[in-house]
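Q: I would like to go through the aromatic rings in this structure. Could we begin with how burial is judged?

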Amino acid sequence: QKLRKGHRHEATLLCAAKMPKKGQDERTRPVTEQILVDAARIYDAREDEDTESKDLKTYAALLGREDAFTKHLPKELIDRARNMRPPRDRITCLLIGNHSAGKSSFTNWYVGEKIQNESVAIETAGITIIRRGKGRVTWKGPQTISAFSYLEKLGKMEGVTDFLATEFSTSTEKNFPLVEFIDTPGLTDGTLKYPFDVDAAIMELAEHATMIMVFLDPIGKALVSRCMNVVEKLAVEHSAKMSYYLTKFDTAGDEVDRTNVVSQIVQELQGRVRATHALKLHTMFLPERASEEVKAKNLPNKIGDLCQNISKEIDSRVQDVLDGLSKDCSCLSKIVDAKVARNKKCVTHNTFSVVWKVLISLVSAALLGVLVYWTMLNHAELDPLKLCDSGANRVVMVEQADGSKIQEIKDGSTNSNIYCLGLRAGNGIPCGVGLVSALVWLMYLWITKTKPTEQLSAEEMKKLKEIQAHIHDGIVKKHKALKKRLTEDALDDQLR
């Protein structure tokens with residue numbers, strides 16, 4: 001009965017393998033690969049072509065755009081938004097070394113398929129990127145540069161494009177779906193001329209590599225000066241990424257020869273490389289190609305450790321991507337909050353500027369009227385409102401000594417009215433100076449208080465709120481789900 005169940009289970013697996021669901025891969029992706037792919041889609045949802053892009057790359061481009069609010073935001077936030085790029089869904093291993101050091105052989109062994117030509121002759125004259133794809137396809141230089149944005153600077157180097165290619169394989173061996181190998185030309189001394197500046201190309205690729213593997217051949221070629229010079233340059237800025245391997249160790253002769261070769265190479269490396277940690281030269285060879293005699297000697301072979309290091313880098317890459325995703329979400333959220341807060345201040349300022357305009361206009365009109373009246377009163381002797389007429393030419397009855405009464409005309413005092421006193425005191429000079437000063441002050445207030453500031457439109461505010469809501473309610477939740485998936489995949493059931 002158990003056997004029948006086993007057969008049924010096997011048949012079910014075979015059917016599932018033969019008939020994958022639409023849009024799914026034919027294999028079951030490991031959790032690390034799922035996380036890297038899902039995280040990359042959070043940044044760049046390029047599969048959703050029918051709808052408006054709602055991803056971090058689009059949001060970063062929108063929020064990092066130069067506007068009136070940008071200069072008021074912290075520089076580190078704006079720089080992070082403008083430099084935000086989707087994380088790559090695999091690690092990049094840059095292979096460098098002297099001619100015939102076994103770079104292509106190792107790549108073929110790791111992939112489990114013959115991708116690169118292997119020969120004592122110089123087969124790899126260009127740069128080849130090896131990665132997993134949906135089919136066995138080869139891309140030339142222009143398509144490669146167009147598809148991978150990190151190669152933009154490399155494509156501008158003279159002669160590189162014609163000697164650049166990408167090889168895709170459907171292999172699922174080891175961790176190949178999560179690894180991208182970059183095989184570079186073997187470095188030699190002598191009269192050999194390369195079709196492009198190999199040293200500059202390797203230095204540019206090293207900027208984007210996760211691991212830099214230096215392969216050295218023990219058969220008298222490891223210490224070629226060109227290879228050592230490149231290693232020395234790389235170690236200045238990328239020492240932490242670099243690891244050193246003495247390949248084809250099974251062909252290095254007897255024990256004395258092997259010891260001498262290792263000592264010579266280590267001594268040369270120590271003289272050129274200033275490592276922050278102890279320099280290690282790992283010996284390795286392809287186990288399938290070793291002779292029975294070599295297998296019987298149990299020579300130290302660190303090729304398994306190399307594969308383990310690749311696995312550790314993948315695990316580290318997943319954690320770094322999730323950490324970067326958290327920081328990028330926080331960065332964009334802070335930018336949105338800062339813009340919304342500043343926009344509220346701008347709206348308040350613009351509202352008060354309108355109020356100031358009305359008040360200053362009314363007061364200015366009143367002061368201008370007073371100034372006109374002051375001019376008429378002091379310079380034209382005109383008093384339309386009779387402010388200074390305190391009973392001038394007033395007729396009064398005066399009783400004489402004999403008892404008769406007569407009419408007399410008396411002039412009223414022109415200084416008895418407070419308004420008149422204010423306008424004419426000191427020949428009107430203090431009042432005139434005060435009126436002009438008040439008008440100048442109002443002009444200053446008009447300039448400083450009524451100047452409107454740029455504010456966001458209702459549509460822009462709506463977009464910011466949508467971005468904030470999507471980050472908090474969508475992306476942050478996805479990030480937590482990815483972290484939970486990674487945790488559950490690593491922890492034992494009893495520790496969850």
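A: The model is a predicted one. A residue is called buried when its relative accessible area is under 20%, exposed when that area is over 50%, and partly exposed in between.

Q: Then is Phe-196 buried or exposed?

A: Phe-196 has a relative accessibility of 7%, and the limit for buried is under 20%, so Phe-196 counts as buried.

Q: And what about Phe-163?

A: Phe-163 has a relative accessible area of 35%, so this residue is partly exposed.

Q: On to the pairs: how many aromatic pairs are there?

A: The structure contains 10 aromatic pairs. One of them joins Phe-106 and Phe-181 edge-to-face, with 6.0 Å from centre to centre and 90° between the planes.

Q: Why does that pair tie together parts that are 75 residues apart in sequence?

A: Because Phe-106 belongs to helix H5 (residues 103-111) while Phe-181 belongs to strand S5 (residues 179-183). Both Phe-106 and Phe-181 are buried.

Q: How are the rings of Phe-163 and Phe-196 arranged?

A: Their centres are 6.3 Å apart and their planes stand at 40°, so the pair is tilted. Phe-163 is in the loop between helix H7 (152-155) and strand S4 (164-169), and Phe-196 is in the loop between S5 and helix H8 (198-208), 33 residues apart.

Q: Which residues form one aromatic cluster?

A: The cluster is formed by Phe-106, Trp-109, Tyr-110, Phe-181, Phe-215 and Tyr-245.

Q: Changing topic, what lies over the face of Trp-109?

A: Lys-174 does, at 4.2 Å from the ring centre. Elsewhere, the charged end of Arg-88 sits over the ring of Tyr-150, 3.8 Å from its centre.

Note on methods:
Residues numbered from 1 in each chain as written. Predicted model: local features only at pLDDT ≥ 70, side-chain atom pairs only at ≥ 80, totals over all residues. Heavy atoms only, no water. Phe/Tyr/Trp six-rings, centres within 6.5 Å; stacked < 30°, edge-to-face > 60°. Helix = DSSP H or I, 4+ residues; strand = E, 2+ residues; numbered from the N terminus. Buried < 20%, exposed > 50% of the residue type's maximum accessible area, 1.4 Å probe, protein only. Lys NZ or Arg CZ within 6 Å of the ring centre and 35° of its normal.
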